[in-house]
Amino acid sequence: MLVHYGMVEYEYYTVLFAVSRSLGVLSSLCWDRALGMPLERPKSITTAAVKRWLNKEVENLGD
């Protein structure tokens, strides 16, 4: 589609993808701030913790 519209600089495709992703994340963060919601951050957990959660040894991931 980019070639159809004249974008033939292939090295910029990754940049365009990153910019579009960034705009989506930024809009989500703006809405979170506007609605007074807390910042959302992914949890950092180990593979062992995921296995315990899948085996129903713990109720919440990260416990």
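Is isoleucine 45 buried, partly exposed or exposed, and what is its relative accessibility? In this predicted model, isoleucine 45 counts as partly exposed, at 35% relative accessibility; buried means under 20% relative accessible area, exposed over 50%, and partly exposed in between (1.4 Å probe, protein chains only). Isoleucine 45 lies in the loop between α1 and α2 (47-54).

The model is predicted, so local features need pLDDT of at least 70 and side-chain atom pairs count only at pLDDT 80 or more, while totals for chains, interfaces and linings use all residues. Residues are numbered from 1 along each chain as its sequence is written, and side-chain values use heavy atoms, leaving out hydrogens and water.

The secondary structure of the protein chain comes to 2 helices and 0 strands, taken as DSSP runs numbered from the N terminus (helices: H or I, at least four residues; strands: E, at least two). Helix α1 has 22 residues and reaches 32 Å from its first C-alpha to its last, close to the 32 Å expected at 1.5 Å a residue; the expected span is 1.5 Å times one less than the number of residues. Just after α1, glycine 36 takes a positive phi of about 75°. Lysine 56, in the segment after α2, has a phi near 65°, a positive value in a residue other than glycine. Lysine 56 is exposed, with a relative accessible area of 72%.

The protein chain has a radius of gyration of 20 Å, whereas a compact globule of 63 residues would have one near 11 Å; the radius is taken over C-alpha atoms, and the globule rule is 2.2 Å times the number of residues to the power 0.38. The C-alpha atoms fill a box of roughly 55 × 30 × 15 Å along the principal axes. Buried residues make up 3% of the 63 residues.

There is 1 aromatic pair. The rings of tyrosine 10 and tyrosine 13 have centres 5.4 Å apart and planes at 75°, so the pair is edge-to-face; rings of Phe, Tyr and Trp (its six-membered ring) pair if their centres lie within 6.5 Å, and planes under 30 degrees apart count as stacked, over 60 as edge-to-face and the rest as tilted. Tyrosine 10 is exposed, at 53% relative accessible area, and tyrosine 13 is partly exposed, at 26%.
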